[in-house]
Protein chains: 4
Amino acid sequence: MIRQAKVDIHRISHICIRVRDLEKARHFYVDLLGFVETERDGDHLYLRGVEEAQHHSLVLKRGDAPGTCYIAFRVARPEELEKAINVFNEYGLRYRKFSERGVKDAVIFEDPEGMPILLYFDMEQVGDLRLKFHMYRGLPPVRLAHVNFVVNDLEREAKFYMDAFGFMETEYFLDENGQKFVTWLTRKGDSHEVAIAKGRRGPAMHHFTFYVHDVRDVIRAADIMASAGLWDSIERGPGRHGATQGFYIYLRDLDGNRLEFFTGDYLILDPDKWKPIGWTHEQARYRADFWGRATPQSWYEAFPVEDIMTGELKSRE
Amino acid sequence: MIRQAKVDIHRISHICIRVRDLEKARHFYVDLLGFVETERDGDHLYLRGVEEAQHHSLVLKRGDAPGTCYIAFRVARPEELEKAINVFNEYGLRYRKFSERGVKDAVIFEDPEGMPILLYFDMEQVGDLRLKFHMYRGLPPVRLAHVNFVVNDLEREAKFYMDAFGFMETEYFLDENGQKFVTWLTRKGDSHEVAIAKGRRGPAMHHFTFYVHDVRDVIRAADIMASAGLWDSIERGPGRHGATQGFYIYLRDLDGNRLEFFTGDYLILDPDKWKPIGWTHEQARYRADFWGRATPQSWYEAFPVEDIMTGELKSRE
Amino acid sequence: MIRQAKVDIHRISHICIRVRDLEKARHFYVDLLGFVETERDGDHLYLRGVEEAQHHSLVLKRGDAPGTCYIAFRVARPEELEKAINVFNEYGLRYRKFSERGVKDAVIFEDPEGMPILLYFDMEQVGDLRLKFHMYRGLPPVRLAHVNFVVNDLEREAKFYMDAFGFMETEYFLDENGQKFVTWLTRKGDSHEVAIAKGRRGPAMHHFTFYVHDVRDVIRAADIMASAGLWDSIERGPGRHGATQGFYIYLRDLDGNRLEFFTGDYLILDPDKWKPIGWTHEQARYRADFWGRATPQSWYEAFPVEDIMTGELKSRE
Amino acid sequence: MIRQAKVDIHRISHICIRVRDLEKARHFYVDLLGFVETERDGDHLYLRGVEEAQHHSLVLKRGDAPGTCYIAFRVARPEELEKAINVFNEYGLRYRKFSERGVKDAVIFEDPEGMPILLYFDMEQVGDLRLKFHMYRGLPPVRLAHVNFVVNDLEREAKFYMDAFGFMETEYFLDENGQKFVTWLTRKGDSHEVAIAKGRRGPAMHHFTFYVHDVRDVIRAADIMASAGLWDSIERGPGRHGATQGFYIYLRDLDGNRLEFFTGDYLILDPDKWKPIGWTHEQARYRADFWGRATPQSWYEAFPVEDIMTGELKSRE
């Protein structure tokens, strides 16, 4: 019951973000939080969750400022990359061939709203750590769950992800004028793989999220950050989302990049029966935080993304 | 990346079992365990989990002995039912039109090994109880996760589910002679929706399983059974499965039917990269119960299934 | 190793608070949160936690405004009540004989800072609900853990509880001038049974706290309040305290009275080795909320207490 | 409300057991389970739980066979050690002066049934790890909760602990003839600090138990043992005790010594109101394991204890 699409996207796969000091970032992500280190080359650290067999789901790239290099999706078949080229041309999108450690053949493009997106079919498999409980550290993170980013024209962007890539909408927020300003989209059928918000700051990254198995693992993230003296890294939560039902915490890494740990969301059992859940302005109190707590101002900050051609962070004004 | 199939099965949907006393069964399933009651007619009680919007995922039917009426799958499109008829004819399987409360058009058939299976496309939706925490009782059960049954010819049965319905194998057990005797199959990509064991007792039902959100909900099932004086209902567990990684408990209802509560299994992120996990006889100690504990003899008992034409339990000898 | 005391206080026992509508309060405390109802007379509802065998640990008394009637301690022997009279006379404290449902012989007095305190030795026992898991509702609350109140002269009040009643200090907060303004005291050796804050509003009640067995029960309190539409009842948390280490949530009942659910604090293994933990102004960020989150302004509100002679709420100005 | 006693015992403090290989034992206790290592000298490893400030609560001593050197209690005041000498003489018990790393002045004696018991008042304090969540490993163990041992004459032994040391009984088991054969005793008021069973093997050690904060930590013990390949170390559980209500798991260390992790027991709120809970033979099914599961035969094995004069394991026949 997968929706028809111009390019058959299989799922969200990984994300590459920028950090200033790889060694310090390694301490934060691996020693404190429990990400699994696959390997390291000069300017990159390749990490994954304990139930991911692929080479990496999180790449830390050395850079002089925080930001996002790209978000990556896996396509369902090799030939989908060819179809993707057609789509890029059809939509007039910039793109180029790309490769990274573990992924020989990829294509990176700029989506209609300027987000840098990587598509690939084949990544090296290194094996997961399922059932290796004595090797778990930190929470531990289980697998990449979703990403959230900001664009100027939400309607155009969402339409692209639905028409070209086959995503379906699961939930959305309306503002006081009844205009949609956040949408949650899924391809593989959990509560979402991509959330997109409307904002003048776009294109910009908001956060990426790893699934954990238990609410106590979410709480442990807060306890660990605090006991390590990293109070500035606890930005919001732990709490319960109204949209998606997920139990969450938002952290900031040592460079300011925002990540979320998350559990307890639902599955879309029947996509065709699902009516996207619209949360109105009257429900603003509990749609983002189900318990009715205010969102800290800092949480509205978003992060620059790289230009796919130059690798420089795009300036925003 | 859904596998091609003669009939596009969307997912496991529900199960119908037989109980002798509907009122006592209601107390067990609804009052103690927290299933949601949708409605009741003369001889049936229609139940669902708190995150299921469909009319029912568990039907209790009055009957003079425990057993299973049928297992039900939803197909991906209405026309798949037509394709199913072709498959039944191709394989020489008995079938007939069927309907039940909430499902007008269904077809019930006997699979190659004699299991009664219902296929349908459209079921009445009554709404889920997501986020209605103050209404939760018991554990509560979240959604039907999988079923497990027994057949004489495992190879033939598994081939049917893979070829005709598009299931993929995620794990399997080998016996001391290197022969496969249990297989785990999934269509939608979690650890499994169907497990099939080889046994002379087949065709027979082994158990059905509801997902819960937390290991403490699994433990609560044991605590509730014991404090209600239903020690005979706690058959096996709580424990951790090696195969599927799930944290589990097996209960027997008041008529002896076996049900499981389960959480913490994995997702098949990339079906094409997945190599079915084969557990050898040398790993027998921890493949079924990861902690190495013996399985009680009673757990090997299986339950008769109804003849799809007569509604009588098939006799087994 | 119990400290010597003029009156041998055994432990914190119960609290009586005022609510406007007993029926609505019953819904909040019993139906939603899972307190056990012992019985009801015209103007009172007597409640207890699931592991308390005594007649009540929480009395809801009908009243035209929220507030606290009294806090109650059990003394270690009947003759301690006689010693208490001597102490009241020594300190010049007002007192009178008192009785309540389940407690024939008690004495109520006004402590040096004006808090209404009840002492008794013997309360009717009605039995606990330990191991009766199938009867649990809501969280459930387990037992009264501690109370927190506000007085003008903290030094005098704390000295009274230590000298006269044998409490020991476990933790304290210093303000920016190095002056103590909150103190945590225990008699029986957990993290605290009484916390006292300095404030011009005193004598006034701040909150009472019930222990629960698990962080998920604390989280469930928030989920239940929110799903029942009672967002105003979620005042602060869930969170982790620095002082006491407890995992907490503060609720407001339908009349505004503040209650806390709490788990995960420590035991004072060796009172004589314990050096009270002093939290300085420099540690203000994480001493109250270990995760460094701000305390909402409403949390600083305190509640009037009754005059022990008239039963009227004392006016504060 | 502490019971009067000839010697005012403050609480259970620590235990010393024998292991063959200190390095392997360190891996088991520290690396896998998360005990905190205080220090090591030639033949001893000194460990504690994360919320214990004392030098050690578990001593591993190099020895050629598993067994228990002694169980240690802290007395409430220095002069209680003098009173203890009187008691030893009164009861005709063997004793001698003793010291260990961190404890200069102790006395070790053989109780009426031959168990080696150490009493002390003053141990070096090294600080606890409360709130240092980023340093936690394994479960982690929190604090020593209780010990369980076997004696020939249960009545005499229990009477000694109650009369001489002031313990009270909280629960007991009766055999098919109505004779008591296990008793649970507490001094400080939790469910128990000492459990004593009747058996011809006595004097012998059965197990020692560390408290953990959460049922998931108990489950993690099983998961970690299994994933480290130590299935033989998982002897019984996880499960729920009827007696004490505790959620438990019993492990065997690499030398065969038995340890338990445990959470969720109750407090004795009012010792004078407490009527010891007697479990009859008719309740045998659920008094030991509340869920009604059989106890594995190996669990009945007990371990030799050292002679307090020679340090040799006493032979038993």
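Visitor: Which residue stands opposite A:R240?

Guide: In this predicted model, A:R240 stands opposite A:F247, a residue of β15(A).

Visitor: How do you know that chain A and chain B are related by a two-fold axis?

Guide: Chain A is superposed on chain B by a rotation of 180 degrees with 0.0 Å of shift along its axis, at an RMSD of 0.0 Å. That is the relation of a two-fold axis. Among the residues of chain A, A:D214 comes closest to the rotation axis, with its C-alpha at 3.4 Å.

Visitor: What does the contact between chain A and chain B consist of?

Guide: Chain A contributes 21 residues and chain B 21 residues. On the side of chain A that touches chain B, 8 residues are nonpolar, 6 polar and 7 charged.

Visitor: How do you know that chain D and chain A meet through the same surface?

Guide: Of the interface residues of chain D, 100% are also interface residues in chain A, so the copies meet through the same surface. Chain D can be laid on chain A by a turn of 180 degrees and a shift of 0.0 Å along the axis, with an RMSD of 0.0 Å. The C-alpha of D:R137 is the one in chain D nearest that axis, 3.9 Å from it.

Visitor: Which residues touch the most other members of the largest nonpolar core?

Guide: They are B:A221 and D:A221, in a core of 202 residues. Leaving aside neighbours within four places in sequence, D:A221 is in contact with D:L33, D:L139, D:I249, D:L251 and D:F261. Another core, of 201 residues, lies apart from the largest one and includes A:M205 and C:Y286.

Visitor: What confidence does the predictor assign?

Guide: Chain A averages a pLDDT of 97, and 99% of the residues score at least 70. For the complex, the predictor gives an ipTM of 0.96 and a pTM of 0.98.

Definitions and conventions
Residues are numbered from 1 along each chain as its sequence is written. Chains are lettered from A and ligands numbered from 1 in the order in which they are written. This is a predicted model: local features need pLDDT of at least 70, side-chain atom pairs count only at pLDDT 80 or more; totals for chains, interfaces and linings use all residues. Copies are superposed by least squares on the C-alpha atoms of residues with pLDDT of at least 70 in both. Two strands pair if DSSP finds at least two bridges between them. Helices (H or I, at least four residues) and strands (E, at least two) are DSSP runs, numbered from the N terminus. pLDDT is the predictor's confidence in each residue, from 0 to 100. A nonpolar core is a set of buried Ala, Val, Leu, Ile, Met, Phe, Trp, Tyr and Cys residues joined through C-beta atoms within 7 Å. A residue is buried if 20 or more other C-beta atoms lie within 10 Å of its own, exposed if 12 or fewer, and partly exposed in between; C-beta atoms are placed from the backbone. Two residues are in contact if their C-beta atoms, placed from the backbone, lie within 7 Å. Ala, Val, Leu, Ile, Met, Phe, Trp, Tyr, Cys and Pro count as nonpolar, Asp, Glu, Lys and Arg as charged, and the others, Gly among them, as polar.
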